[in-house]
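Here is a set of questions about how the labels given to a protein model are reached. Each answer sets a value beside the cut-off that decides the matter.

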Amino acid sequence: MKLNTSLQLWLAFGSIGVLAQSSEWGQCGGIGWTGSSTCVSGTTCTTINAYYSQCLPGSAPVSSSSTASVPPTSVPPSSVPPTSSPTATAPTGPTAACSTPSTLSNFNNAALPNPFIFNDGTPVQTQEDWTCRRAQLAALIQGYEAGFLPPKPSTLTGSFTQSGSTGTLSFTASNGGPSISFSSTITYPSGTAPADGWPLIIAYEGGSIPIPAGIAVLNYANSNMAQQDSTASRGLGTFYNLYGSSANASAMTAWVWGVSRIIDILEETPAAQINTQRIGVTGCSRDGKGALMAGAFEPRIALTIPQESGSGGDAGWRISLYEQNQGSVVQTATEIVTENVWFSPSFNNYVNTLNVLPYDHHSLLAMVAPRGLIAFENTDYVWLSPVSAFGCETAARTVFEALGVSENHGFEQVGGHAHCAWPSDLTPALDAFINKFLLGQNVSTDEWSSNMVFNGVTWNQAQWINWETPTLS
């Protein structure tokens, strides 16, 4: 009989008493949970949201009981008080004076939430404030839809081999228990590498954009890191072999973790001849969703290029639902959770009450700021929610504007081509962003346009964006 991953971890501790406790990264509480509410030594039962608590590594008491919080109720967003929820991992930003709860009680907003308001209702006024606000958004997105993003594992080693224009980058990781291995192929440009190494694009499943000369490309087999065949794929893949099949990290969060480990190894592997200050990430459709998530959560990515990512990518939950209610056949939150495992299982609890989300995907896009971001969408495919993509990109742009870097945010929304096919008339916009952020050239990146083909649905900016854009000092 095969033992599941969590049981293997329990048995590895060699103590019968431990069997009554949840393993590291395992579930330990939440609404409807009937399993153990205590955690193995060295981990703490941490509330991710009302429906999911997880045993996270930490130096708190050996075990603790989880308490399910009350689901959000309706009050004006401006009066939302700070919550006492434990913090989720925030990839960047201050950790001492910046509260980063993973959920907010008493939030309700039918419009896109104001990105310039802290969780406690006070305004974001400076660029330093934005660093904290970004950390808050990162924690909230993990808490509601993405699941917990583990930090760098306790043991991480890598290797690199090269044959001609192709190299293989591999890493092995462990956390004191099971270990995993993963490898990716890098294709190099011809010629001699620059003194500081080649710029690199990490391409989910190889990508589908044209890569100009002078850029190395890493083929990221993200579906091996976390499978995405159907809802039956939950907990399958290399990431879950390390953290357990019950880890609440979504497939996309697992993919981000893999991207971060690749960058970790590149930073320690000069033989790979990669300039880790000039890394981009791209993918199309479901992999476009993943590429955007990576660019948002991994601050070492200089340029993020999601292509036709649609709902769950650069299209927002609220506006996609509005499009559906206006008669367009688009992908919505309620549909997407029945299709695949791109999001955490806890997200199922919110797809019918989207107004309680204290963010939307304009917030995910805004997390990339002030780094480079150019997104491409295709209005020929209504399923991709063209109004929602335009609306979320428009809302996210206010953050780039507030930071004084509006030229770092590009958006091209056209039709006339197949899904994930590349129309040549978009190449100048793509090349401009690559030239600036990966090749270090002083070029214009004023690239923002839409054909406004919205299948008869009207875009009303005042309905969704009700804030003034500040100037962050």
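Q: What makes a residue buried, partly exposed or exposed?
A: A residue is called buried when its relative accessible area is under 20%, exposed when that area is over 50%, and partly exposed in between. The model to which this is applied here is a predicted one, and by that cut-off Arg261 is buried, and so is Asp264.

Q: How do you know that Asp264 is buried?
A: The relative accessible area of Asp264 is 6%, and the cut-off for a buried residue is under 20%, so Asp264 counts as buried.

Q: Why is the pair Arg261 and Asp264 called a salt bridge?
A: The term requires a side-chain nitrogen of Lys or Arg within 4 Å of a carboxyl oxygen of Asp or Glu. The N to O distance between the side chains of Arg261 and Asp264 is 2.7 Å, so the pair meets that requirement. The two residues are three residues apart in helix H5, and are therefore separated by about one helical turn. In general, an α-helix has 3.6 residues a turn, so residues three or four places apart point the same way.

Q: What makes Arg300 and Asp264 a link between separate parts of the chain?
A: The closest N and O atoms of Arg300 and Asp264 are 2.8 Å apart, and the pair forms a salt bridge. Arg300 lies in the loop between helix H6 (286-297) and strand S10 (303-307), whereas Asp264 belongs to helix H5, so the pair ties together parts that are 36 residues apart in sequence.

Q: What does H5 contribute to the largest nonpolar core?
A: This core has 105 residues, of which Phe171, Ile202, Tyr220, Trp257 and Phe297 touch the most other members. Helix H5 (residues 251-267) supplies the largest share of the core, with eleven residues. A second, separate core of 17 residues includes Ile201, Ile209, Leu426 and Leu438.

Q: What makes H6 a mostly covered helix?
A: Eleven of the twelve residues of H6 are buried, among them Asp287, Lys289, Met293 and Phe297. From its first C-alpha to its last, H6 reaches 17 Å, close to the 16 Å expected at 1.5 Å a residue.

Q: Why is His409 called buried, and which residues does it touch?
A: His409, which lies in strand S12 (residues 409-414), has a relative accessible area of 0%, and the cut-off is under 20%, so His409 is buried. Leaving aside residues up to four places away in sequence, His409 touches Leu373, Glu393, Ala396, Arg397, Phe400, Phe433, Glu447 and Trp448. The C-alpha atoms of His409 and Phe433, 24 residues apart along the chain, are separated by 9.1 Å.

Q: Why is the pairing of His409 with Glu393 called a polar contact?
A: A polar contact needs a pair of N or O atoms within 3.5 Å, one able to donate a hydrogen and the other to accept it. The side chains of His409 and Glu393 are joined by such a contact of 2.6 Å.

Q: How do you know that Thr379 is buried, and what is the partner of its side chain?
A: Thr379, in the loop between strand S11 (372-378) and helix H10 (386-402), counts as buried at 7% relative accessibility. The side chain of Thr379 makes a polar contact of 2.8 Å with the side chain of Asn451.

Conventions: Residues are numbered from 1 along each chain as its sequence is written. This is a predicted model: local features need pLDDT of at least 70, side-chain atom pairs count only at pLDDT 80 or more; totals for chains, interfaces and linings use all residues. Side-chain values use heavy atoms; hydrogens and water are left out. A nonpolar core is a set of buried Ala, Val, Leu, Ile, Met, Phe, Trp, Tyr and Cys residues joined through side-chain atoms within 4.5 Å. Buried means under 20% relative accessible area, exposed over 50%, partly exposed in between (1.4 Å probe, protein chains only). Helices (H or I, at least four residues) and strands (E, at least two) are DSSP runs, numbered from the N terminus. Contact means heavy atoms within 4.5 Å. The expected span of a helix is 1.5 Å times one less than its number of residues.
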